[in-house]
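Keep the 3D view open while you read.

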Amino acid sequence: SSSQGGLCRVLSPHYSAQSVSMAAIGLRRLGYRTSFGQCARFFASSEYDLCIIGAGPGGYTGAVKASQLGLKTVCIEKRGVTGGTCTLVGCIPSKALLQASGVYHDAKASFESRGIKGAENLTMDFEQMMANKDAVVKKLSTNIEKILFKNNKVSFVKGHAKLTGPNSVTVALNDGGEETITAKNIMLATGSEVIEKLPFVEVDEEQIVSSTGALQLKKVPEKLVVIGGGVIGLELGSVYGRIGSNVTVVEFLPTIGGLGIDGEVAKDMQRILKKQGMDFKMSTKVTSVEKTGSGVKVSMEPAAGGESETIDADIVLVCVGRREYRDGLGVEEVGVAMEGKKIKVDDTFRTNVPSIYAIGDIIDGPMLAHKAEDEASMVAEYLASGKKPHLDYNNVPSVVYTHPEVAWVGKTEEMLKQEGVEYRKGKFSFAANGRSMANADTEGFVKVLSCKKTDKLLGVHIINSIAGDIIAGACIGMEYGAASEDLARVCMAHPTVSEVLKGAAQKTAFGKAVSG
């Protein structure tokens, strides 16, 4: 046959057709496909209770949870390493740089006033700072695969997965060949990726970079222009601003922080960042980004129309959002229903194909790692025990990890006004908090919003260096239907920064706080 003839050419022109036939049978038994002169490795079909596509925060959390609950589970990842965007090129590496740059900046700015001499002679090793970031990423990613997956008996397949049926997935293996996986249920957890192509600019990850490229720069740019004043732009702009860059943020909207941030918080945060040296061009539209011999030229004009201006930069960081990643996933081929660009799911995260579930950035709701983690865990519980998922997106917190941080959960004042909800407001400044004074870190406030009639918590908004940690108390309260008075009557340790949450709740519940 043509198959045998092809194999004959691969092995040797001296073998007989009968020898080639026997060799072909042997190779097939070992997992090789033999046809048309090629020996392609493939693997026999493997059957699981749950197959998860994507090993990011949602995927690996769901895989571990499912296996802990007794489900035979496999997780597939095209990158070949676990952790997804968050661990590899997002949350974790950016926080490593934020922490390192923050320590450096704090030492230069405030050590002398605290009685610590010599900070003026501090120098920064940017290469080592990046190496430390890479080491953190590698350790965490390795631990997910070698400890979490191994200890919980999760199978891990490295390759690009495509749905080939309601219970089947074909994986183009990174090492070559294919593997077919069948499962009673499939969970899609493919996440999202940065938007790189825009009408006015195309990312090259050298001079014009996305957040991924910004985490891999070889040197600190003298002039950095950030297109987009949302969470990612502010965080990475802060990193480079602290270690010497002149940072200009260009934002189309009139406020920073992106969607969902409270207007009063955004205004105060911009004031603080501007005081730190960050420049802002608000309500401004970028019209073109051009590479020149010496750098990059950014042209812009007022969003409402008007005279244009141009500024020069060494590096332009494009942070205008993310897109759902479904490339080559095969959802359309198997008939999975869409809701715009999102995969449509019901209240159990099941798609219209009964055996296929979806979580994270590819479905409705905020594009946040912790949201995906909770969704995946809930799906695993549902499949193992029948316990119906419950996740109120209104109670999912958001954090901007600048210094100070911004954190919030629930409704903003603007939302409540738009919805016609009558509310009460209590606001307490960290400048009136003893621990904050001792820490010489008094910027920001806590704002607590509650229903005027029932006092039920509706929203909590914080600006503080540890706002992302303090917000956890508010999340617990909102999740379990607490009133502002409940928070106001909780005994909190003294002196702590968290007491400001109690003070703001006292103002909301009683009109006054004891200490401010």
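Helices (H or I, at least four residues) and strands (E, at least two) are DSSP runs, numbered from the N terminus. This is a predicted model, where local features need pLDDT of at least 70, side-chain atom pairs count only at pLDDT 80 or more, and totals for chains, interfaces and linings use all residues. Residues are numbered from 1 along each chain as its sequence is written, and side-chain values use heavy atoms, with hydrogens and water left out.

First, the whole chain. You'll find 15 helices and 26 strands in it. Its C-alpha trace spans about 90 × 60 × 50 Å along the principal axes. Out of 516 residues, 48% count as buried (under 20% relative accessible area; exposed is over 50%, partly exposed in between, with a 1.4 Å probe and protein chains only).

Now zoom in on helix H6. Here are its lengths:

| Span of H6 (residues 126-151) | Value |
|---|---|
| First C-alpha to last | 36 Å |

Just after H6, Lys153 takes a positive phi of about 60°. The buried residues of H6 include Phe126, Met129, Ile144 and Phe149.

Lastly, look at Leu253, in the loop between strand S12 (246-250) and helix H9 (263-275). Is Leu253 buried or partly exposed? With a relative accessible area of 34%, Leu253 is partly exposed.

Notes. The expected span of a helix is 1.5 Å times one less than its number of residues.
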